[in-house]
Amino acid sequence: MNLLIIFISALLINNFVLSYFLGICPFLGVSNKLSSAVSMGMAVTFVMTITAVVTWPIYHLILVPYHLEFLEIVSFILVIAALVQFVEMFIRKTSESLYEALGIYLPLITTNCAILGFALIAVLKNYTYLETIVFGVAAGLGFTLALVIMAGIREELDFADVPESLKGPGITLLVAGILALSFMGFAGLIK
Amino acid sequence: MSVLIISIITLGALALLFAVILAIADIKLRVEVDPKIEEIDGILPQANCGGCGYPGCKNYATAIVNKGEDINKCAPGGQEITDLIAKIMGLEATATEKVVARVHCRGTEEAAKRKGVYEGVKTCRAVALVGSGDKLCDWGCLGYGDCEEECPFDAITMTDEGLPYVDEEKCTGCGICVDVCPKDILELHPIDENIMIFCRSQDPPKQSRAVCKNACIACNICVRKCPTGALEMGNNLVEVVEPEKFTEECYGGIDKCPTGAINFVHPEKIKRENKTVEIIIKKKE
């Protein structure tokens, strides 16, 4: 039950993009095509899950016993950077076109604050190993959800009659704001 | 002190672990890329300035190899880098025929008089705005050297006669001077093309003759002497229609040109018996 609550909470209520405002850069950058939004979301979810798998043992089995908690940010960044490198190589090997579509945003997952934020929040909330992994998957899926909704709206926006002055980033930011507002409706889902 | 040592060991060990994993992954997941891309990427300054229109040097290198992007877009690298890239892309560079900019005017300071004394901004583009220039001939070279200024390869120098001289060795055929010239005096031609019309004037013959000694006066002699159809009379100006059709006969007509408006670019390259034609534009000493 506790795992389900964590899952729903990270996916909808405390959605990383729309309520924590983490990972806004790819949220705005890769959300103009549905297909690349899905792949980006998957890549981030993958990195987040592996980050959860790796950072928990590093924190609880290495840093805590040696009283090196102050190293958490440095070591987490190390983990994330290495993982992103790995994912980049993997995607490039498996799908060159996906690699092209994600472009600069793929290496930028390294500096995607959603991932570092997730790792730090998981430590802050004192989750168990299993909880951390569920939290990671849910956070990644929440990021994907936000990205996909945004991409769907933006694909429709291409056919909409947007006022001249709002075209491009203007209308995108407005949509993002309204989307975040609507996600606040989930706040009452879990008491 | 011990905390410091433990921190260093812990982080060092972690970093080493990831380094090993990544090294293995690099070997297992390596993607074969065109070695030219790597080579060009190696030459580029790695400033990732974006001046070429690509996000980074690597992207530019990929675009050169895969999409045939121009090789002269790296501003920080300059001419040196362009030459090196040309060497790497070598085969393709020689496969395309070299084109060079050529000057379609012989209106030297002596031959084509000016309307008066111009005192404004000394660039062709500015002068051209004032009553279409300060030369009596509305079509001719203004001689303020915008092409010399803009040429990124220093291939153009203004001669004492007030006309641009194009160093065909240095000219890369980038076409910047063609765009810059307000009078369309410069035009890109294949370097092998040896016969050219050194005039742009479409004024009636009388008018042309009055304003410039070297203008085409549409006398038609060159067209008549050339039955192969290489030349055609246009709007008061002879035109080279099919340069590959020039024959020995046509050369005779070209020699007969009363003003020299049609002439050889490199007279020495034409194989003929006991005929010499003076070189048209001499390089500035």
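Two residues are in contact when heavy atoms of theirs lie within 4.5 Å.

## Basis of the model

This is a predicted model, in which local features need pLDDT of at least 70 and side-chain atom pairs count only at pLDDT 80 or more, while totals for chains, interfaces and linings use all residues. Residues are numbered from 1 along each chain as its sequence is written, chains are lettered from A and ligands numbered from 1 in the order in which they are written, and side-chain values use heavy atoms, with hydrogens and water left out.

## A residue in helix H3 of chain A

A:Ser36 sits in helix H3 (residues 34–63) of chain A. Leaving aside residues up to four places away in sequence, A:Ser36 touches A:Val30, A:Ala101 and A:Leu102. The side chain of A:Ser36 also reaches the backbone oxygen of A:Lys33 at 3.3 Å. This is a polar contact (a pair of N or O atoms within 3.5 Å; within protein, one must be able to donate a hydrogen and the other to accept it, and residues adjacent in sequence count only if both atoms are side-chain atoms).

A:Ser36 has 7% relative accessibility and therefore counts as buried. Buried means under 20% relative accessible area, exposed over 50%, and partly exposed in between (1.4 Å probe, protein chains only).

## Chain A overall

Chain A has eight helices and zero strands. Helices (H or I, at least four residues) and strands (E, at least two) are DSSP runs, numbered from the N terminus. Of the 191 residues in chain A, 45% are buried. Among contacts between residues at least 6 apart in sequence, 78% join residues at least 24 apart.

## The A–B interface

Between the two chains, 20 residues of chain A are in contact with 16 residues of chain B. The area buried between chain A and chain B is about 1600 Å², and carbon and sulfur atoms give 88% of it. A:Leu78, A:Met89 and A:Lys93 supply 31% of the area that chain A buries against chain B, more than any other three residues. Buried area is the accessible area (1.4 Å probe) that two parts lose on being put together, summed over both.

## Strand E1 of chain B

Strand E1 (residues 99–103) of chain B is largely enclosed by the rest of the structure, because four of its five residues are buried. Five bridges join E1(B) to strand E4 (residues 186–190) of chain B, and the two run antiparallel. Strands pair if DSSP finds at least two bridges between them. B:Val100 has B:His189 in E4(B) as its bridge partner.

## Cysteines of chain B

One disulfide is found over all chains, a disulfide being a pair of cysteine sulfur atoms within 2.5 Å. B:Cys226 and B:Cys250 form it, with their sulfur atoms 2.1 Å apart. B:Cys226 lies in the loop between helix H10 (221–224) and strand E6 (231–233) of chain B and B:Cys250 in helix H11 (residues 248–256) of chain B, so the pair ties together parts that are 24 residues apart in sequence. B:Cys226 is buried at 3% relative accessibility, as is B:Cys250 at 0%.

B:Cys171 is in no disulfide; the nearest cysteine sulfur, that of B:Cys177, is 6.2 Å away. B:Cys171 is buried at 9% relative accessibility. B:Cys199 is likewise in no disulfide, with the nearest cysteine sulfur, that of B:Cys216, 5.8 Å away.
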